[in-house]
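This report describes the protein shown below, moving from a single residue to the sheet around it and then to the overall layout.

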Amino acid sequence: MINKYIETLQKHGLKRTPKRLEVLRILSEESAYISPQKLHVLLKEKFLKIGLPTVYRILQQFQNIGIVTSIQQDDNQLYYYLCDCVEKHHHFICRKCHKVSCLTYCDFDNIKQLVADQLDSLAETHVLQIEGLCKECLES
Ligand SMILES: [Zn+2]
Ligand SMILES: [Zn+2]
Ligand SMILES: [Zn+2]
């Protein structure tokens, strides 16, 4: 399950250190987004002396190579989620159970065109975070 992520690490020249592998293992078992603090607590079960800055550094590295996505919540804190989608897409976040699902959709080309037409400007990036209730939470 985490083999493809390990391949991505190697492709980007990141060594398979025990800490990186443990972060991958923990994230791959979570279907909900996770805070760096919670990840830190879980990592401490195996690496007693690991510091929070190391956790942030690993998450940042994973985000840079595109296997981790960060999510901003109302408390202004960033949460993280392991995502294996290759194509451009966005995420649906359940407000109740915090599960994150990938949605194969991106309308950035249209947005770019709108910005060019209406504002004579060049759009370079965009953020779209979709929130609501997932199927399980709707049914319960
Ligand atoms: Zn839910
Ligand atoms: Zn995704
Ligand atoms: Zn998009």
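Which residues does Q129 touch, not counting residues up to four places away in sequence?

## The surroundings of Q129

In this predicted model, Q129 touches I71, H91 and I93 once residues up to four places away in sequence are set aside. Q129 itself lies in strand β5, and I71, one of the residues that Q129 touches, is 58 residues away along the chain, with 7.9 Å between the two C-alpha atoms.

Is Q129 buried or exposed? Q129 has 12 other C-beta atoms within 10 Å, and a residue with 12 or fewer counts as exposed, so Q129 is assigned to the exposed class.

## The three-stranded sheet

Strand β5 belongs to an open sheet of three strands, which has the order β4-β3-β5 and mixed pairing. The edges of this sheet are formed by β4 (100-103) and β5 (129-132), each of which has a single partner strand, so that one side of each is left without a neighbour in the sheet. On average, and with direction ignored, neighbouring strands of this sheet are turned by 30° against each other.

Strand β3, which covers residues 90-94, is joined to β4 by four bridges, and the two strands run antiparallel. Within this pairing, H90 has L103 of β4 as its bridge partner. As a general point, strands of a sheet pair through backbone hydrogen bonds, in either a parallel or an antiparallel manner.

## Domains and their contact

The domain assignment divides the protein into domain 1 (1-84) and domain 2 (86-140), and the C-alpha centres of these two domains lie 22 Å apart. Seven residues from domain 1 and eight residues from domain 2 take part in the contact. On the side of domain 1 that touches domain 2, there are five nonpolar and two polar residues, whereas no charged residues are found there.

## Overall layout

The protein contains six helices and five strands, which follow one another along the sequence in the pattern α-α-α-α-β-β-β-β-α-β-α. Along its principal axes, the C-alpha trace spans about 55 × 45 × 30 Å.

Of the 140 residues in the protein, 16% count as buried. When contacts between residues at least 6 apart in sequence are considered, 44% of them join residues that are at least 24 apart.

How values were computed: Residues are numbered from 1 along each chain as its sequence is written. Chains are lettered from A and ligands numbered from 1 in the order in which they are written. This is a predicted model: local features need pLDDT of at least 70, side-chain atom pairs count only at pLDDT 80 or more; totals for chains, interfaces and linings use all residues. Domain bounds come from an automatic or database domain assignment. Two residues are in contact if their C-beta atoms, placed from the backbone, lie within 7 Å. Ala, Val, Leu, Ile, Met, Phe, Trp, Tyr, Cys and Pro count as nonpolar, Asp, Glu, Lys and Arg as charged, and the others, Gly among them, as polar. A residue is buried if 20 or more other C-beta atoms lie within 10 Å of its own, exposed if 12 or fewer, and partly exposed in between; C-beta atoms are placed from the backbone. Two strands pair if DSSP finds at least two bridges between them. Axes are lines fitted to C-alpha atoms, for helices over the stretch in contact, and angles run from 0 to 180 degrees between N-to-C directions.
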